[in-house]
Every structure is written in C-alpha cells, then in structure tokens.
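The following note concerns the arrangement of the two chains and the contact between them. Please read the points alongside the sequence and the model.

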Protein chains: 2
Amino acid sequence: MIIRDAKLGDEVSILGLIHELAVYEKAPNEVINTAENLSKDLFQDKVCEAIVAESDGVIVGFALYYTAYSTWKGRCLYLEDFYVQPAFRKQAIGTLLFEKVIAIAKERKVARMDWQVLDWNELALSFYRKHNAILESEWINGRFFFPNSSLEESI
Amino acid sequence: MIIRDAKLGDEVSILGLIHELAVYEKAPNEVINTAENLSKDLFQDKVCEAIVAESDGVIVGFALYYTAYSTWKGRCLYLEDFYVQPAFRKQAIGTLLFEKVIAIAKERKVARMDWQVLDWNELALSFYRKHNAILESEWINGRFFFPNSSLEESI
C-alpha cells in the first residue's frame, strides 16, 4: 500500500471513486465531471491537486484538495473530497491520506485547513473527532447551480 | 455609487471592512490577514479577486471570491466574503455586488457558486432567500488551525 501524488492517467480511477462516494452521499446523479475534464483541471491547469492510495497497482482511495482563501487567515487548504473503498477500510488508509493532506497544509504554511462533512455521516464524524478536528455546525451553505456551465456544454 | 474591480491600493480599505465584518460575526480577534498580504494575494499572486462598491471615492462595500473546485461539478466560484457598511445599506448596494458576482460566475461558465452564512444571521439569510438561493444546513465544517503559518510568522 502506497500513498503517492496523483499522476496523468489516474483520472479514470479517481472519477470512479468520486462516483462511488456520490452514491454513498445519496446523490449518484449529481456528478457531471468527466475524466477528461478532471485530468485537465488536475494536471494541466492545476486548479486542484490529488493524492492516491494504491494497493497492488489499483487505486483504492484518494484525497483531492486545492488552495482556498480566507479574508481572515489568508491562504488555506481545502480538502474537497476524501474517500477509501469500503473493502479497504480498517487498514488506516484513510488516516494515511488524511495525515498526508495535513502535512501538505503545514508544509505550505497555510493558517487553516478546511473540509465539509454531512451531519448524518457518523463514520466520517467519528474519524474527524478522533483526529481532534474542530467541527462547526453553525454554518449554512448557500449555493446557485448554473445549468449552462462549460462542463455541461462539453458533454 | 459605482461597482468596480478592486485595484492596487484598495487593500487597506478592504481590510478595514474585513475587520468590521469580523466584529459583526463576533470574532474580532480572528483576523490575522494584513493589507500587505491581501495586496499580494489579490493583485500579484491572484489567489483571489475582489469587487468594491465606491461612493464619493470611498469604498463602502466589497465582495471577495476565488475559483474553488468540486469533484462533482468541476470549477466553481466561491464567494468568501461580502459586506456593505451599515450606513450604506437599504440602497441595494449589496444586491449590486451580489448580482455582479453571479454575473462573473455565469460568464466563466462554472457549474456552481457557493458561499457560507452563519445560521443566526437572519439579515443575510433573508437576503439570500430573496435571491432564491439554495440554503443547505446539513453540512458541518471541519477545520484545523495551524499557528505557524507564514502569515503569522510575517507579523
């Protein structure tokens, strides 16, 4: 089992895991991202970055993150998605991925690392509690969806 | 009253408004950002962008945003902070700023625009409801703070 930076070609496996996580989060039809677009964003335009967990040459987990910004704290690292396949849990792979992202945040000397977790996801919440993370429930997410995005037009 | 892109030199006024908003959000001591760092992030490294509302040459409101990423939706626009001074409210300045950010998001053809609002901030919540925004309360913010950030070291 190795943890390594994602490399060109990994986008297909990562997108597969993104779909698995969307099913778990009860929103399987919400994924409009494509392997081609993810590849461009990760490796060409570098809008985001990813690390993967590889077991016998197969990617079984990943963490995807990017540089966010806080008016209060300056640059932050935002952990957008973080997933290990059920069959590969209980082997500390999640801990290895999570701790690697924390190490990257510290290395870059950002003031804060952020992520979000669904309030019914007890498995994830207990994982974050074990890592002594701060969990704030007083925020509400505001959103607009735009149906004519370049990603949807390209499909 | 004009709405325009922030330009070099505006960082001092914007930081003043960031401090005002922090007082309103009951966290006046949480701001470690400096005008110098904000200037670098906005105008040199372009980690984030801002628009301002100017009345008689004085900046009375701002919106600060950046390109975020969703594994499901690809590139998104994240509205990090958005504020109008109390004395200048009830003049639709907030609406002008907010609608300008929405227009930028649409222009860039992102699939989603996101922000966060505190659950006790009824003024902001009713503003977003009036704009038919989706408001999701089932998410919890996970965070780590790192005391040795480059920003803190530079102070």
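1. The side chains of Asp114(B) and Arg143(A) form a salt bridge, with an N to O distance of 2.7 Å. Between chain B and chain A the count is twelve salt bridges (a side-chain nitrogen of Lys or Arg within 4 Å of a carboxyl oxygen of Asp or Glu). On the side of chain B that touches chain A, the residues divide into 33 nonpolar, 15 polar and 18 charged (Asp, Glu, Lys and Arg count as charged).

2. This is a predicted model, in which local features need pLDDT of at least 70 and side-chain atom pairs count only at pLDDT 80 or more, while totals for chains, interfaces and linings use all residues. Residues are numbered from 1 along each chain as its sequence is written, chains are lettered from A in the order in which they are written, and side-chain values use heavy atoms, without hydrogens and water.

3. The contact (heavy atoms within 4.5 Å) takes 66 residues from chain B and 67 residues from chain A. Of the interface residues of chain B, 100% are also interface residues in chain A, so the copies meet through the same surface.

4. Chain B can be laid on chain A by a turn of 180 degrees and a shift of 0.0 Å along the axis, with an RMSD of 0.0 Å (least squares on C-alpha atoms of residues with pLDDT of at least 70 in both). The two copies are thus related as by a two-fold rotation axis. Ala68(B) is the residue of chain B that comes closest to the rotation axis, at 3.4 Å (C-alpha).
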